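Visitor: Could you walk me through a few features of this structure?
Guide: Happy to, let's have a look together.

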There are 2 protein chains.
Amino acid sequence: MELWERVIQGDEVACARAISLVEDEREGYIELLKNLQPHTGSAVVLGFTGPPGAGKSTLVDKVAKSLRKKDKKVGIIAIDPTSPFTRGAILGDRIRMSDLNLDPGVFIRSMGTRGSLGGISKATQAGIKVLDAYGCEYILIETVGVGQSEIDIVNTADTVVMVMVPGLGDDIQAIKAGIMEIGDVFVVNKADNDRARKTRIEIEMMLDFNKNWEFRPPVSMAIASEGEGIEELVDNIFKHQDYLERSGKKEQRRFHRERIQVEQYVMTDLRDLVDEEIEKYEEKIRASVHGGSDPYTIGESIYSTIVRDEQ
Amino acid sequence: MELWERVIQGDEVACARAISLVEDEREGYIELLKNLQPHTGSAVVLGFTGPPGAGKSTLVDKVAKSLRKKDKKVGIIAIDPTSPFTRGAILGDRIRMSDLNLDPGVFIRSMGTRGSLGGISKATQAGIKVLDAYGCEYILIETVGVGQSEIDIVNTADTVVMVMVPGLGDDIQAIKAGIMEIGDVFVVNKADNDRARKTRIEIEMMLDFNKNWEFRPPVSMAIASEGEGIEELVDNIFKHQDYLERSGKKEQRRFHRERIQVEQYVMTDLRDLVDEEIEKYEEKIRASVHGGSDPYTIGESIYSTIVRDEQ
């Protein structure tokens, strides 16, 4: 039996192998994804994001357990920032330590970022396809930090859960302001902190700036480490799912997700091509450092080598 | 007189106009950059990065003042994260409030990220070229947060100053581990915090994992808000500059910086082309949502439309 057939039959070992294949972009990964594609489209993708230190891992763990109690098959992809130099994963063992690993109804995968812009997001999208075909009803994506590429990842989720934390510095508040708009559901974690109520009120106020919500993001409190507030959060996620179905927004989000995958696919291949070309211009670039050429002239030359004339 | 001529003669208004032109990529911006290129290459670029809330702005402000006392002409580019939805700058006024604005020997510019991956970095590189041609001897780049694209920016600096802060959560520590390797000079800001010494020791220990340093990054302490520890930091920056000159690494870093600009130039044009093509595939992408097509087949089709056959 082929690998893709074993995946859609719910073979866990095949699923793990398939994800490795697409993550590493090994021989045959595109064929695999093409074969899986007709068996995808039913999973609900939940993206968890928020500032570093907000306790996202613990929260994802508890939400997964709650979904398991409702007998849902769950997949988890944790984005694990990779050191840009050693290319090794930074968090690594965190995932492997979860007791969810013992539950056959949960598939957990940690994915490295490989230092390449966009590479994380591409691998994550492919991973979602595999887990979807494998039969996961909910796929939880957890990102560390607040970078643009991570925003891109959660931005393709059906529901974006914004995990906030009481009382951080000014920069964090600024970043919050930037990511507020992609949140569908908010949760203030570490609610036993003195400033949690204040943080919640601030979020509510920011949300109330927009008077034209079709679905006004609910804000709840949680202490993930104690398992408190998880059911309210899961209810809020379900409410947002209901809204997406009723309003036709679900179709829109999925269109967006497919479109991004097309773009990523083309752009990564183009980048490889450009890198190959650039190698041939080493002398020119060296001259450019001392004003003897410039990056724009060199760039124009490479562009016209790659692109068809009629473009 | 043409704009580029006024820039190289040190006309501040022309410099501001030139940066706007290249940042917005308005008509003629490439010609402008080509004309400025022979007048670049002498500025020293300092990149300041580190976790959100570390007090990078204040530190950059104080380092700029110290360089002014040494009679150096200084440029500052603060990367200002743009809300991905409203497209407005988040920090905005922070820069305009600095009293450095009154000093004609300092040129301060805040740059938005425009929500586009790589766009920040491209605009920053072009801004550096303008400030270099304008005569800035030191150009200080400040980034907010720790995203990949920000790592890309500081990674092209001559000296990367890693600003640390005592006692943050585990995720932050993990991110620290990821960015440790791009730091040339470390500073623990907010050194009046109880945990500052501990943080410093942790950093020293992490650095000592590598036994083969050609230039072992110095670690100092600062309370930027009080102006404490600034001279030691500036000395450390100078030491790193000396090392770069002596070892020939300066030339390597500048080659890398030029190369990245070539790549960015080609890739952004290719992205525009891809986006145009994708518009034509809306029906196919819609079918893909329900398994009737797939992003990989669509991607292959777009790729072969764009790229010359001989590639």
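Predicted model: local features only at pLDDT ≥ 70, side-chain atom pairs only at ≥ 80, totals over all residues.

Visitor: Are helix H2 and helix H3 of chain A roughly parallel, roughly perpendicular or oblique?
Guide: The axes of H2(A), residues 12–23, and H3(A), residues 29–36, come within 9 Å and cross at roughly 125 degrees. Angles of 65 to 115 degrees count as roughly perpendicular and those over 145 as roughly antiparallel. H2(A) is therefore, relative to H3(A), oblique.

Visitor: Which residues of H3(A) does H2(A) meet?
Guide: H2(A) passes H3(A) in a left-handed crossing. By class, their contact has six nonpolar, no polar and no charged residues. From H2(A), Ala18(A), Leu21(A) and Val22(A) take part, and they meet Tyr29(A), Leu32(A) and Leu33(A).

Visitor: Is the aromatic pair of Tyr138(A) and Phe238(A) stacked, edge-to-face or tilted?
Guide: This is one of eight aromatic pairs over all chains. Planes under 30 degrees apart count as stacked and those over 60 as edge-to-face. Here the ring centres are 6.1 Å apart and the planes lie at 50 degrees, so the pair is tilted.

Visitor: How many residues apart in sequence are the parts that this pair ties together?
Guide: Tyr138(A) counts as buried at 10% relative accessibility, and Phe238(A) as partly exposed at 22%. Tyr138(A) lies in strand S4 of chain A and Phe238(A) in helix H10 of chain A, so the separation of the parts in residues is 100.

Visitor: And in chain B, are Phe215(B) and Tyr243(B) buried or exposed?
Guide: Phe215(B) and Tyr243(B) form a stacked pair, 5.2 Å centre to centre with 25 degrees between the planes. Phe215(B) sits in the loop between helix H9 and strand S7 of chain B, and Tyr243(B) in helix H10 of chain B. Both Phe215(B) and Tyr243(B) are buried.

Definitions and conventions: Residues numbered from 1 in each chain as written. Chains lettered and ligands numbered in written order. Heavy atoms only, no water. Axes fitted to C-alpha atoms, helices over the stretch in contact; angles between N-to-C directions. Helix = DSSP H or I, 4+ residues; strand = E, 2+ residues; numbered from the N terminus. Parallel < 35°, antiparallel > 145°, perpendicular 65-115°, else oblique. Left-handed = near helix turned anticlockwise from the far one by under 90°. Contact = heavy atoms within 4.5 Å. Nonpolar A, V, L, I, M, F, W, Y, C, P; charged D, E, K, R; others polar. Phe/Tyr/Trp six-rings, centres within 6.5 Å; stacked < 30°, edge-to-face > 60°. Buried < 20%, exposed > 50% of the residue type's maximum accessible area, 1.4 Å probe, protein only.
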